[in-house]
Amino acid sequence: MNKSINIFDTTLRDGTQGEKVAFSAEDKLRIARQLDDFGIDYIEGGWPGSNPRDMEFFKLAADASFEHARIVAFGSTCRAGSSPGEDRNLQLLVEAGTSVVCIFGKSWLLHVEKALQITAEQNIDIIRDSVDFLKQHGKEVIYDAEHFFDGYKSDPGYALSTLKAAEEAGADTVVLCDTNGGTLPYEVSEIVAEVRRQVDIPVGIHAHNDCELGVANAMAAVRSGCNHVQGTVNGYGERCGNTNLCSLIPNLQLKQNYECIPDEKMEELTALSRFVSELANLNPDIRQPYVGRSAFAHKGGIHVSAVMKNEDTYEHVRPDRVGNSRRVLVSDLSGRSNVSYKAEQLGIKLDKYGENVSEIVQKLKELENQGYQFEAAEASFELLVKRMTGVWEEFFKLEGFRIIVEKNVSGSSRTEATLRIKVNDQVEHCAAEGNGPVHALDKALRKALHKFYPEISNMHLNDYKVRVLNEKDGTGADVRVLIDSAEHGKSWGTVGVSHNIIDASWQALTDSFGYYLAQKQKSIQQKEAI
């Protein structure tokens with residue numbers, strides 16, 4: 001490996017400033033432990049005194065054990081007109097009990113004169129005195145030069161003087177912040193190079209993603225001499241977010257041979273990304289480089305054919321290197337390679353069904369032309385292949401159903417589904433009420449099947465999406481229903497298409513139940529075979 005890079009994670013502080021991102025104190029502690037295990041050097045936990053949640057986190061962190069990472073308390077320089085010893089913000093940083101603190105100060109005269117409304121000299125004194133106060137309390141001090149790049153472009157001499165003030169006071173690292181996210185990579189390279197000529201202590205970069213350049217700017221800064229990089233998991237952060245560590249770390253380590261984390265931890269990157277997404281209660285970005293579900297997904301038949309022969313043809317790194325996996329999508333762009341590869345993933349050997357492959361490909365194209373979408377409905381695709389190759393046995397058969405929706409003058413409504421299904425030549429007749437037609441139908445089907453397959457009580461509907469396919473037909477348009485079901489963290493997707501939304505929902509719903517029961521049956525057979 002080349003030069004080591006210190007990774008400073010600010011997911012728990014700057015990341016929570018992103019829209020819809022929020023963590024409890026316990027969530028923060030769980031994430032901090034994951035980051036520590038992953039090999040992150042610094043974990044910024046929050047701003048003591050800004051809110052009760054951050055105060056609670058630092059109390060929890062004080063009792064926790066971290067193998068590698070150092071927990072960091074964040075705050076600002078002291079207020080104008082007060083000495084550091086009297087400043088409550090700095091006092092709370094000391095009381096947080098962390099060995100490392102990170103404070104920010106102003107580098108841009110626009111902010112000094114218009115926002116703080118103090119003189120340039122007073123701002124320099126504030127920076128120097130604040131850093132000195134924290135050093136006197138035995139802290140490792142990381143100084144974030146807020147708006148540094150904008151300040152430098154406005155007045156290079158003054159921006160540099162703020163860094164020198166922090167350095168002279170004993171700061172251990174100065175970090176150049178592109179706070180507004182508007183700086184371009186070539187500007188970052190030139191400015192960082194000049195800072196490195198002027199400053200003797202380590203220099204870091206804190207970039208925002210407002211121009212979609214957060215990762216690019218961080219990489220440019222490293223190339224010009226920064227050995228400290230701040231960012232967040234999944235790029236969470238204010239406005240458009242921060243440097244995405246899930247892209248930056250593999251870019252630096254796998255592409256440029258820098259050492260960011262222990263090499264053996266790289267395969268945990270995808271799991272870390274999804275763990276943080278789950279605790280943030282946000283859907284993972286499927287198109288996120290390296291860790292997204294689509295990062296190594298192949299759809300075009302020519303691509304799939306080539307990847308099956310040599311993965312380097314359409315993959316820049318091995319998926320398992322970052323803990324991800326290759327996916328082959330089936331659609332109207334599919335060829336024999338897609339279907340064969342996908343079937344093999346599902347444990348279906350198509351070699352003995354050679355004549356069926358062309359039929360399956362043709363059927364897929366026909367169904368997708370009707371509006372079916374199997375990319376997000378892999379369970380329905382598996383059932384389609386098994387039905388067309390004759391290896392599928394239905395677990396139940398519909399005899400009929402009826403749905404009644406009543407609405408009275410008071411405005412309240414009632415929905416009831418009555419259902420008849422046949423299982424092993426035995427007809428089961430059930431009825432159930434629900435919040436709407438699909439909910440009532442789901443409850444009635446569960447009620448009817450439970451007698452024969454009690455394990456269905458463990459599965460649940462995770463998501464239900466309806467898409468109008470031909471808007472010009474108005475309320476008579478065809479619709480596509482996608483259902484995502486789950487059991488104990490494992491999920492699967494099914495699809496149905498019809499001009500009748502109930503019929504489309506029934507298709508997706510019954511595929512979901514059928515797939516689940518097949519997986520359970522397969523699991524039992526495997527155990528019996530041992």
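**Figure 1. Surroundings of Glu140 in a predicted model.** Leaving aside neighbours within four places in sequence, Glu140 is in contact (heavy atoms within 4.5 Å) with Tyr42, Arg70, Ser99, Val100, Val101, Lys135 and Asp172. Glu140 belongs to strand E5, residues 140–146; strands (E, at least two residues) and helices (H or I, at least four) are DSSP runs, numbered from the N terminus. With a relative accessibility of 17%, Glu140 counts as buried. Buried means under 20% relative accessible area, exposed over 50%, and partly exposed in between (1.4 Å probe, protein chains only). Residues are numbered from 1 along each chain as its sequence is written, and side-chain values use heavy atoms, with hydrogens and water left out. Because the model is predicted, local features need pLDDT of at least 70 and side-chain atom pairs count only at pLDDT 80 or more, whereas totals for chains, interfaces and linings use all residues.

**Figure 2. The aromatic pair of Trp47 and Phe74.** The structure holds 12 aromatic pairs. Rings of Phe, Tyr and Trp (its six-membered ring) pair if their centres lie within 6.5 Å; planes under 30 degrees apart count as stacked, over 60 as edge-to-face and the rest as tilted. The ring centres of Trp47 and Phe74 are 5.4 Å apart and the planes stand at 80°, so this pair is edge-to-face. Trp47 lies in the loop between strand E2 (42–46) and helix H2 (52–62), and Phe74 in strand E3 (residues 70–76), so the pair ties together parts that are 27 residues apart in sequence. Trp47 is partly exposed, at 27% relative accessible area, whereas Phe74 is buried, at 3%. Together with Phe104, Trp47 and Phe74 form one aromatic cluster.

**Figure 3. The aromatic pair of Trp392 and Phe395.** Here the ring centres of Trp392 and Phe395 lie 5.7 Å apart with planes at 65°, so the pair is edge-to-face. Trp392 is buried, with a relative accessible area of 14%, and Phe395 counts as buried at 10%.

**Figure 4. A charge over the ring of Phe74.** The charged end of Arg13 sits over the ring of Phe74, 3.7 Å from its centre. A charge sits over a ring if NZ of Lys or CZ of Arg is within 6 Å of the ring centre and within 35 degrees of the ring normal.

**Figure 5. The lining of the second largest pocket.** This pocket is lined by 24 residues, among them Asn209, Asn234, Gly235, Asn244 and Asp285, which lie nearest its centre. On a 1 Å grid over the protein atoms alone, a pocket is an open set of points where a 1.4 Å probe fits, with protein on both sides within 12 Å along at least five of seven lines; lining residues have an atom within 4 Å of a point.
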